[in-house]
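Walk through this model with me, one site at a time. Keep the sequence and the structure side by side.

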Amino acid sequence: MSAPQLESLYQEIILDHYRKPHHRGLRDPYEAEVHHLNPTCGDEITLRVHLDGETVADVSYEGHGCSISQASASVMTDLVIGKPIGEATAVHEEFLRLMQSKGELEPDEDVLEDAVAFAGVSRYPARIKCALLAWMAWKDATAQAVDQTGGSE
Amino acid sequence: MTSAHAPFDVARIRKDFPILEREVRPGVPLVYLDSAATSQKPLAVLDAMRDYNERHNANVHRGIHTLAEEATALYEGAREKVASFIGATDSREVVFTKNSTEAMNLLARVVPLHPGDEVVITEMEHHSNIVPWQLACERSGATLKWIGLTDDGRLDLSNLDQLVSERTKVVAFVHQSNLLGTVNPVATIAAKAHEVGAIVMVDASQSVPHMPVDVATLGADAVAFTGHKMCGPTGIGVLWARLDLLEELPPFLGGGEMIDEVTMAGSTYAAVPHKFEAGTPPIAQAVGLGAAVDYLSDLGMDAVHAHEQQLTSYLLDGLHSVDGLRVIGPPTMESRGGAVSFILDGIHPHDVGQLLDESGVAVRVGHHCARPACLRYGIPATSRASLYLYSDTADVDALIAGLGKVRSFFG
Ligand SMILES: Cc1ncc(COP(=O)(O)O)c(C=O)c1O
């Protein structure tokens, strides 16, 4: 039935990022590389983080998976590259909150930008992990990169 | 045997399964094509379990009061039904477990293995016939060997003579693959294994529900299957094994029910099958499985199999007609059953499954607990449609129409 319901999951923004992902491909330099997978569905991502002092200088990735997981990786890189680690982490937390909201939260477009398109995903418990895969990989890699560079926090 | 059964009438059979009448959302009827994950249950099974709980519930083998006698008779009666369903000559060869997974773990736990021994499995196994043997090999120092796959989804038996040797103690493989639908040549592999004195275990989780399986002629020494895929409830599975093998093997779990005599110095064990059934068993579930077996026997497994074969052929034709669709597994009806995996060019199975659900069509997506096989075919996941005795051409038509919508959505 409900094209509306379906469209709330597969927003045009998501399909756009899926078809033309941003920042895709593994790049040098980087301080940490991680490989995360979603064991229930086989979505996979290899992700690198490059820090420049306190700033997320680059995030590059390669992976395969469903439209939600791939689009989320693309949107995530747009949101964190160029930001101070603390600010990027705050965006991550806001996105996490949105994913846990069961569709009850009005997303903050100023913080989340294109990621607001994922609001509908929070109503599909089986898909939340897909949307979070890249974010979790980024968080993990960033923590490792901070350790590597003897980061300040 | 077949002549005694009423003609196979799917429309009538569907009425035995109330869930098939439900809608997944208002106006969207359920199209259930995920029976390889779990089958639906007919009223006869639901009624038998309810009757057991309402009228006969008691613990088994532990009392002389009327209910305890009745419960014991029902539980042991279920064992006899299952035994005769699979052609076992002696019901003591039927060990009740929680599911197939536990049945295979049981065997992998108790078969003696030593450093230098080898266990042979295949690349199309379900994780439940991989991990228990990996664990057993880690524990014992034995080595795990793998039978590979061909491009069209069959076992590559060309090097069977090298893989199975004097060192081989166990050869364990799936009868019908849940991922690929392939039906494997049990007799051929078993003959080779028996030449070297190895134990042959067959994972029959996807065959016992769908075709006549006769353990007396199959060639296996042990067979595992699971109640919930054969019209029965969850929480009950079966390990069938040759009586002499069961008698020779040490116990699995320890506890009540499985002992003969317990002293502070040590214990002796009950006779099989009770030696392998520690603790209060899943009694209502066994009763439910007994009713499921009656239901299947009344339909006739030959007739069930013939129906599914016909419908699988219809399903394959339908899938082959979808643009950009590739079947993973045997593309023809030769030695295959009604679980059909496929991928759609450029559209991830997750998205396929999600969009099909919008049309009420339930398929499974993912690696189907058979990741080594997915890796073999270079795919992270598939979509899988799987049929059962209550599936009909309308189900298949709904799937094919749904796939058309998926293509246009992502096209
Ligand atoms: C071939 C095969 N083996 C084993 C299993 C495990 O069954 P269960 O989860 O009931 O133990 C399954 C079902 O998922 C299966 O399809």
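At 23% relative accessibility, B:Cys369 is partly exposed; buried means under 20% relative accessible area, exposed over 50%, and partly exposed in between, with a 1.4 Å probe and protein chains only. B:Cys374 counts as buried, at 2%. This is a predicted model, in which local features need pLDDT of at least 70 and side-chain atom pairs count only at pLDDT 80 or more, while totals for chains, interfaces and linings use all residues. Residues are numbered from 1 along each chain as its sequence is written, chains are lettered from A and ligands numbered from 1 in the order in which they are written, and side-chain values use heavy atoms, with hydrogens and water left out.

A disulfide is a covalent bond between the sulfur atoms of two cysteines. The rule here asks for a pair of cysteine sulfur atoms within 2.5 Å. Over all chains, the count of disulfides is zero.

Now turn to the ligand. The ligand is surrounded by 14 residues (a heavy atom within 4 Å). B:Thr101, B:Asp203, B:Gln206, B:Thr226 and B:Lys229 are the closest. By class, the shell holds two nonpolar, ten polar and two charged residues. Here Ala, Val, Leu, Ile, Met, Phe, Trp, Tyr, Cys and Pro count as nonpolar, Asp, Glu, Lys and Arg as charged, and the others, Gly among them, as polar. Helix H4 of chain B (residues 100-110) gives the largest share of the shell, three residues. Helices (H or I, at least four residues) and strands (E, at least two) are DSSP runs, numbered from the N terminus.

Which atoms meet the ligand? A polar side-chain atom of B:Asp203 lies 2.6 Å from a ligand nitrogen. B:Thr226 places a polar side-chain atom 2.7 Å from a ligand oxygen. B:Ser100 uses its backbone: an N or O atom there lies 3.3 Å from an oxygen atom of the ligand. Taken alone, the ligand exposes 390 Å², and the protein buries 88% of that. Such areas come from the Shrake-Rupley method with a 1.4 Å probe.

B:Val120 lies in strand S5 (residues 118-122) of chain B. B:Val120 is buried, at 0% relative accessibility. Its contacts (heavy atoms within 4.5 Å), not counting residues up to four places away in sequence, include B:Lys145, B:Ile147, B:Leu163 and B:Val171. B:Val120 and B:Val171 are 51 residues apart in sequence, yet 4.7 Å apart in space, C-alpha to C-alpha.

B:Val94 sits in strand S4 (residues 94-97) of chain B. B:Val94 is also buried, with a relative accessible area of 0%. Beyond residues up to four places away in sequence, B:Val94 touches, among others, B:Arg79, B:Val238, B:Trp240 and B:Glu277.

Two polar side chains follow. B:Asn184 lies in the loop between strand S7 (168-174) and helix H7 (186-195) of chain B. B:Asn184 is buried, at 5%. A polar atom of the B:Asn184 side chain lies 2.8 Å from the backbone oxygen of B:Val174.

B:Asp395 belongs to helix H14 (residues 393-410) of chain B. B:Asp395 is buried, at 4% relative accessibility. With residues up to four places away in sequence left out, B:Asp395 touches B:Arg14, B:Val31, B:Leu33 and B:Tyr390.

How values were computed: A polar contact is a pair of N or O atoms within 3.5 Å; within protein, one must be able to donate a hydrogen and the other to accept it, and residues adjacent in sequence count only if both atoms are side-chain atoms.
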